[in-house]
Amino acid sequence: MADVPEGEQPKLSKKELNKLARKAKKDEKAAEKGENQQQSAAMEQEDYSKDFYGSYGLVNSKEKKELNFLRVKEVNVANATKDIWVRGRVHTIRSKGKNCFIVLRQGVYTVQIAMFMNDKISKQMLKFVSSISKESIIDVFATINKVETPIESCTQKDVELLAQQVFVVSSSAPKLPLQIEDASRRAPTDEEKNSEQENQLAVVNLDTRLDNRVLDLRTTTSHAIFRIQAGICNQFRNILDARGFVEIMAPKIISAPSEGGANVFEVSYFKGSAYLAQSPQLYKQMAIAGDFEKVYTIGPVFRAEDSNTHRHMTEFVGLDLEMAFNFHYHEVMETIAQVLTQLFKGLQQNYQDEISAVGNQYPAEPFQFCEPPLILKYPDAIALLREHKVEIGDEEDLSTPVEKFLGKLVKEKYHTDFYVLDKFPLAVRPFYTMPDAHDGRYSNSYDMFMRGEEILSGAQRIHDADMLVERAKHHQVDLAKIQSYIDAFKYGCPPHAGGGIGLERVTMLFLGLHNIRLASLFPRDPKRLTP
């Protein structure tokens, strides 16, 4: 390099200038990185979201808190951009890096919650939310955000919630005895089990479901089943109220078996014994004798039958009705059949979403019925069975397999899943059943069937005291224990008939479920007394 006069800076070559520029830029980036790291460290040390997440602790009504919650089903495009509070269960949760996604469930409805680490959501908040156990109940303050791509895993497909605050209301144990996703899954068919494409995902068996019924009830299917069941009770009441019936409450602790026989629960009653009612039968009749004319009742019924089948329980809900008639019990039988068809129509009109939800897990053909309802005479049904090689006597009762087969024949011939079978043999009916006026082998009694299974048993009742005593003696019923019942007919009683319907059976068969226990909130059978 040439000598430079004193006081002057040496001139740098272009190469040297570029080198210095690169160094300066590198130093600037390093300084910026260092500053960012310092800021990031400061942010990590200072949890700037600490007031926006956490746990309420035990909610013991210590204070009142006014938050306006929105139902998950109302989280939709119409409410987009709104800031709202919502409460629900953590259905699923997944986090990766600086993102966290929760599917929040409320009944049968689900919505996606999205969280992203930013200047409002700290690393600590994201870590806390990511650690919340499934099935915990949480409160979320969030903005409803419309999404471009539908969220197929949720019922609320067009929106998501951008969370701002998250608080745990009630924490679930981290280890669950069953997963809600598994309990919601349709069991594979035999063909699917044998298919190479079948991935053999876990399916929860019935005993595990019932042992952990509270968790099982959280599935969309269970919610739908019991909403439909509530609809059956509601429509039963409304239809009968509109027809002039009066709802009564019959006792469940009685002095003698109401149906006769041994399938009765005996309980201690002070210094003596009593029985749990096998039906409200005697009290419905006594109400008719008391001039109520048309009555119904909804309540528990107890049967001490050691039957471990898909359709028997030791306690179920009875939908019972009784009605005075003018001259023929068909006035009542036809009324009951019309009430049921009206009820079926109401379910199909008002519960399509719930029916579809159940069908997703338990596929079944839609319930089919005709108007007016099909009524078959018992001898005609026997003849139809014999045409198809079933050996059965004229006065023989129908076994469960024969019932099912008859239902199949009726469906093929008459295109209905619901029908009435009239004129049962007298020998297979209770003591208070009126014998047929023309043929003593038969009775003025009937059963009603859905998908080939009995859901109602009914008859004209004997309303003459002397005749009632005669029939009770024939069935070896202790007269002393039913004296007040017999006395009810000594003072004049209108001719009457009625029937008892099993609520769980109607639910099961309308939906085509494979087991009645799925249609009972907490089923009772010979092997199950808990939960």
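Modeller: Gladly! Let us begin with an open sheet of 3 strands, in the order 8-10-9, with antiparallel pairing. This is a predicted model, where local features need pLDDT of at least 70 and side-chain atom pairs count only at pLDDT 80 or more, while totals for chains, interfaces and linings use all residues. Residues are numbered from 1 along each chain as its sequence is written, and side-chain values use heavy atoms, with hydrogens and water left out.

Colleague: What makes strand 8 and strand 9 edge strands?

Modeller: Strand 8 (253-254) and strand 9 (266-269) each have a single partner strand, so one side of each is left without a neighbour in the sheet. Strands here are DSSP runs of E with at least two residues, helices are runs of H or I with at least four, and both are numbered from the N terminus.

Colleague: How do you know that strand 8 and strand 10 pair?

Modeller: Two strands pair if DSSP finds at least two bridges between them. Strand 8 and strand 10 (residues 272-276) have 2 bridges, in the antiparallel sense, so they meet that definition.

Colleague: Which strands pair with strand 2?

Modeller: Strand 2 (residues 83-96) pairs with strand 5 (residues 137-146) over 7 bridges, in the antiparallel sense. Trp85, for instance, has Phe141 of strand 5 as its bridge partner. Strand 2 also pairs with strand 3 (residues 99-106), again antiparallel and over 7 bridges, and there Arg94 has Phe101 as its partner. Strand 2 and strand 3 form a hairpin with 2 residues between them, and Gly97 in the turn has a positive phi of about 60 degrees.

Colleague: Why are helix 11 and helix 12 called roughly perpendicular?

Modeller: The axes of helix 11 (residues 378-387) and helix 12 (residues 400-414) come within 10 Å and cross at roughly 90 degrees. Axes are lines fitted to C-alpha atoms, for helices over the stretch in contact, and angles run from 0 to 180 degrees between N-to-C directions. Angles under 35 degrees count as roughly parallel, over 145 as roughly antiparallel, 65 to 115 as roughly perpendicular and the rest as oblique. The two helices are therefore roughly perpendicular to each other.

Colleague: Which residues make the contact between them?

Modeller: With contact meaning heavy atoms within 4.5 Å, helix 11 brings Ala381, Leu384 and Leu385, and helix 12 brings Val402, Phe405, Leu406, Leu409 and Lys413.

Colleague: What makes Arg461 and Glu322 a salt bridge?

Modeller: A salt bridge is a side-chain nitrogen of Lys or Arg within 4 Å of a carboxyl oxygen of Asp or Glu. For Arg461 and Glu322, the closest N and O atoms are 2.7 Å apart, so the pair qualifies. It links distant parts of the chain, with Arg461 in the loop between strand 16 and helix 13 (465-474) and Glu322 in strand 12, 139 residues apart. Lys284, Asp320, Glu322 and Arg461 are linked in a network of salt bridges.

Colleague: How do you know that Arg461 and Glu322 are buried?

Modeller: Buried means under 20% relative accessible area, exposed over 50%, and partly exposed in between (1.4 Å probe, protein chains only). Arg461 has 3% and Glu322 has 0%, so both count as buried.

Colleague: Where do Arg311 and Glu453 lie, and what does their pair tie together?

Modeller: Arg311 and Glu453 form a salt bridge, with their closest N and O atoms 3.7 Å apart. Arg311 lies in the loop between strand 11 (294-302) and strand 12 (315-324) and Glu453 in strand 16 (residues 453-460), so the pair ties together parts that are 142 residues apart in sequence. Arg311 is buried at 6%, and Glu453 is buried at 3%.

Colleague: Is Glu365 buried or exposed?

Modeller: Glu365 counts as exposed, at 55% relative accessibility. Its salt-bridge partner is Lys411, with the closest N and O atoms 3.6 Å apart. Lys411 counts as buried at 19%. The structure holds 28 salt bridges.
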